[in-house]
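Please have the sequence and the 3D view at hand while reading.

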Amino acid sequence: MTEHHQHHIKLPEGSIEKQTTTLNMGPTHPATHGVFQNIMELDGERIVSAEQTVGYIHRAFEKLAERRPLNQITPITDRLNYCSSPINNIGWHLTCEKLLNVQTPKRVDYLRIIIMELARIADHLICNSIMGVDTGAYTGFMYIMQYRELIYEIYEEVCGSRLTTNIGRIGGFERDFSNTAFTKLEKFLKEYPAALRELENLFTRNRIFMDRTIGAGPISAERALNYGFTGPNLRAAGVDYDVRVHTPYSSYEDFDFKVPVGTTGDSYDRFLVRNGEMWESLSIINQAYQKVQAFKGTDADVFHADVPEYYLPKKEDVYTKMEALIWHFKIVMGEVEMPKGEVYSAVEGGNGELGFYLISDGGRTPFRLHFRRPSFIYYQAYSELVVGGMLSDAIVVMSSLNLIAGELDA
Amino acid sequence: MALRNEHVQQRLSEKFGALVSNFEEPYGMLSFEVEKDQNLKVLQFLHDEADLNFQFLTDLCAVNYPDQPGRELAVVYHLHNLKDNLRIRFKVFAPVAQPDVFTATKLYSAANWMERETYDFFGVNFVGHPNLIRILNVDEMDYFPLRKEFPLEDQTRIDKDDQMFGRG
């Protein structure tokens, strides 16, 4: 080798002498399903150490929020966990409503629950089918995608968009669910159980899938709690903490559902917990739909609370009524002063406890807004989960945690 | 008997006296303030005492109050007792000139990245943190962007003069 060549290939110091291999997985890698990087030190195929680098899609949401009125922050929350945007949107609206002391009508709560549980199914079915992809079974993923499509069509009918939904408003929804929305919901409720059953049959007792996931990246309940795990990842370790049960919001206390838990906290248990949750979500949606149908008279048309300061008035009213025109103007221009206060409000997101810590100093925009992002908090446990295991297990562990880069980096 | 805010407040006052202060209950959540040097002792006390049992660190972040000289930065801890399902919040204030606050990483593994994030955006120096480096921003950044001294938009720009709307 000439001197010229040696000059170009610059190996890190000591890299020839050391007995391990450094592997850079990410920031763009087909197996990470998102933009984050893992620098792994490998002894053969065994992981000696792993270090995570995050922040590749950091968009300074918390800073942006300090210059936006409450209603303009909703589209920011879309981009946290973009697999289940409606939960983020509604979680944010619930936070605002807590600050403003708004009571929502029951029908609004039930409609919200329908949307949030649909979003949970959309979130979990992606995560579980991607676990299949990462263990070499592509079919389940391709097959189940058409059922996510059904969910997205319902979103579309309710709010007009599919992925970053910006669904609902402070106080409720911007319009009532159309008959088409309910027809599509019925179609989904009718067709999805069979598909979910098939997805289950593909994986749950599949020898290859079980061999790949059982014992991969286990975590004890103590460690999971210490690491701030919430959601399916914590429940897989055997802790039955669910925000929907512990701190019910949006009338979850009116529903009858189980909280699936695992025992070992490994990738297989995480899969099973998510799978169980999808069945529970289906049951919740069925109950909520029945409750929605049971409303009679004027109650059956309610789709928002009365919050003139934050809920845009009807367009006819804006053209004909002074009050409505004033509120319309103030809301659109972001000139509504909010009450002073500090609020922490959390919802059970697709990944766990999604918290909003909102401080208002009485201005038009938040003084400070902090998102408690479950992905960010549990990704730090990743190295503890994978060190000592095989490289191929690390991939499965990552997809079983359901890391969403948008939520990670805020 | 489920744990109550009053009981937590009473236990803290007995143990720490004037070092914990400003008890409030905004929206039902017990909130208070802790002397800067006492944050670890309070966290440990809340964690270890069998009747308090706050073993889950829900959230850790900071707030910048530029109008409070000597107390410009607040580190906010949200704790959760999962057994009795009670949440509490406390703040520790530090001067922006020397924002040293003891790290909670020994008690909570979850605090590691949360503190790194807080350092990254507010420059709070968590004393004893094993790896206090930037996490979301680029390493070369030489300022702490979530502090209030950095407005989101240049306030002096004139191409957006909207005096018409009362915001001149």
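In chain A, strand S4 and strand S5 (residues 353-360) run antiparallel and are joined by 8 bridges. The model is a predicted one. The points below take up the sheet to which these strands belong, and then the contact between the two chains.

**The sheet in chain A**

- One residue pair illustrates the pairing: A:Tyr344 has A:Tyr357, in S5(A), as its bridge partner.
- Helix H4 (residues 85-100) of chain A packs on the sheet, where it touches S4 and S5 of chain A. The direction of H4 makes about 150 degrees with that of S4(A).
- The sheet is open and consists of 3 strands of chain A in the order S4-S5-S6, with antiparallel pairing.
- Strand S4 (341-348) and strand S6 (368-372) of chain A form the edges, each pairing on one side only.
- On average, and with direction ignored, neighbouring strands of this sheet are turned by 10 degrees against each other.

**The contact between chains A and B**

- Chain A contributes 32 residues to the contact, and chain B contributes 28 residues.
- On the side of chain B that touches chain A, the elements giving two or more residues are strand S3 (56-64) and helix H3 (111-122) of chain B.
- S3(B) supplies the largest share of that side, with 6 residues.
- Sorted by class, the side of chain B that touches chain A comprises 17 nonpolar, 8 polar and 3 charged residues.

Conventions. Residues are numbered from 1 along each chain as its sequence is written. Chains are lettered from A and ligands numbered from 1 in the order in which they are written. This is a predicted model: local features need pLDDT of at least 70, side-chain atom pairs count only at pLDDT 80 or more; totals for chains, interfaces and linings use all residues. Two residues are in contact if their C-beta atoms, placed from the backbone, lie within 7 Å. Helices (H or I, at least four residues) and strands (E, at least two) are DSSP runs, numbered from the N terminus. Ala, Val, Leu, Ile, Met, Phe, Trp, Tyr, Cys and Pro count as nonpolar, Asp, Glu, Lys and Arg as charged, and the others, Gly among them, as polar. Two strands pair if DSSP finds at least two bridges between them. Axes are lines fitted to C-alpha atoms, for helices over the stretch in contact, and angles run from 0 to 180 degrees between N-to-C directions.
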